[in-house]
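These are my notebook entries on one structure. I wrote down what I looked up, in the order I looked it up.

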Amino acid sequence: MPIVQISILPQSAEKKAEISKVITDEIHRITGIRKEAMVILFYELPAENCADGGEMLSEKFKRMESKG
């Protein structure tokens with residue numbers, strides 16, 4: 001039983017459902033493993049717990065929003 005763990009910034013339930021479907025479909029296509037045997041786990045990380053290039057994502061997003 002494949003278990004796929006995804007660390008991601010918060011997303012809507014609809015987006016997570018779409019991600020789950022695409023990943024499940026592709027693993028099934030590549031391996032032939034039944035879709036019902038797969039588990040997708042989402043770990044949502046707040047932007048204040050993530051950094052990119054040494055800058056906290058929460059600060060980067062604030063800067064981007066202020067630029068319009």
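**Entry 1: a loop residue**

I started with Glu36, which counts as exposed at 65% relative accessibility. The scale I use calls a residue buried under 20% relative accessible area, exposed over 50%, and partly exposed in between, with a 1.4 Å probe and protein chains only. Glu36 lies in the loop between α1 and β2 (39–44). I also looked up its distance to Gln5: the two are 31 residues apart in sequence and 16 Å apart in space, C-alpha to C-alpha.

I note here that this is a predicted model, in which local features need pLDDT of at least 70, side-chain atom pairs count only at pLDDT 80 or more, and totals for chains, interfaces and linings use all residues. Residues are numbered from 1 along each chain as its sequence is written, and side-chain values use heavy atoms, with hydrogens and water left out.

**Entry 2: the whole chain**

I listed the secondary structure and found two helices and four strands in the protein chain. Helices (H or I, at least four residues) and strands (E, at least two) are DSSP runs, numbered from the N terminus. Along the sequence the pattern reads β-α-β-β-β-α.

Next I looked up the overall dimensions. The C-alpha atoms fill a box of roughly 45 × 20 × 20 Å, taken along the principal axes. The radius of gyration of the protein chain is 16 Å, whereas a compact globule of 68 residues would have one near 11 Å. This radius is taken over C-alpha atoms, and the globule rule is 2.2 Å times the number of residues to the power 0.38.

Buried residues make up 22% of the 68 residues. The protein chain exposes about 5,200 Å², and carbon and sulfur atoms supply 56% of that area. Accessible areas come from the Shrake-Rupley method with a 1.4 Å probe; for residues, only the protein chains shown count as cover.

I then checked contacts, meaning heavy atoms within 4.5 Å. Of the contacts with a separation of 6 or more, 57% are between residues 24 or more positions apart.

**Entry 3: the core**

Which residues make up the largest nonpolar core? I found six: Val4, Ile6, Ile8, Ile27, Met38 and Ile40. Strand β1 (residues 3–8) gives the largest share of this core, three residues. A nonpolar core is a set of buried Ala, Val, Leu, Ile, Met, Phe, Trp, Tyr and Cys residues joined through side-chain atoms within 4.5 Å. In soluble globular proteins, nonpolar side chains tend to be buried together.

I followed Ile40 further. Not counting residues up to four places away in sequence, Ile40 touches Val4, Ile6, Ser20, Ile23 and Thr24. Thr24 is found in helix α1 and is buried, with a relative accessible area of 13%. With the same exclusion of residues up to four places away, Thr24 touches Lys35, Met38 and Ile40.

**Entry 4: a surface patch**

Met1, Ile3, Leu41 and Tyr43 make a nonpolar surface patch of about 420 Å². Ile3 has its place in strand β1. Patches are made of residues with over 30% relative accessible area and no salt bridge; like charges are joined within 9 Å, and nonpolar side chains (Val, Leu, Ile, Met, Phe, Trp, Tyr) within 5 Å.

**Entry 5: salt bridges**

How many salt bridges does the structure hold? The structure holds seven. A salt bridge is a side-chain nitrogen of Lys or Arg within 4 Å of a carboxyl oxygen of Asp or Glu.

I looked up Glu26 and Arg29, whose closest N and O atoms are 2.8 Å apart. They are three residues apart in helix α1 (residues 13–31), so about one helical turn separates them. Glu26 is partly exposed at 35%, while Arg29 is exposed at 57%.

Lys62 and Glu59 also form a salt bridge, at 3.4 Å from N to O. Both lie in helix α2 (residues 57–67), three residues apart, about one turn of the helix. Lys62 is exposed at 51%, and Glu59 is partly exposed at 41%.

Glu55 and Arg63 meet at 2.5 Å, N to O. Glu55 is partly exposed at 25%, as is Arg63 at 36%. Lys21, Asp25 and Lys35 are linked in a network of salt bridges.

**Entry 6: a last residue**

Is Ser58 buried or exposed? Ser58 counts as buried, at 16% relative accessibility. This residue is found in helix α2. Leaving aside neighbours within four places in sequence, Ser58 is in contact with Ala47 and Glu48.
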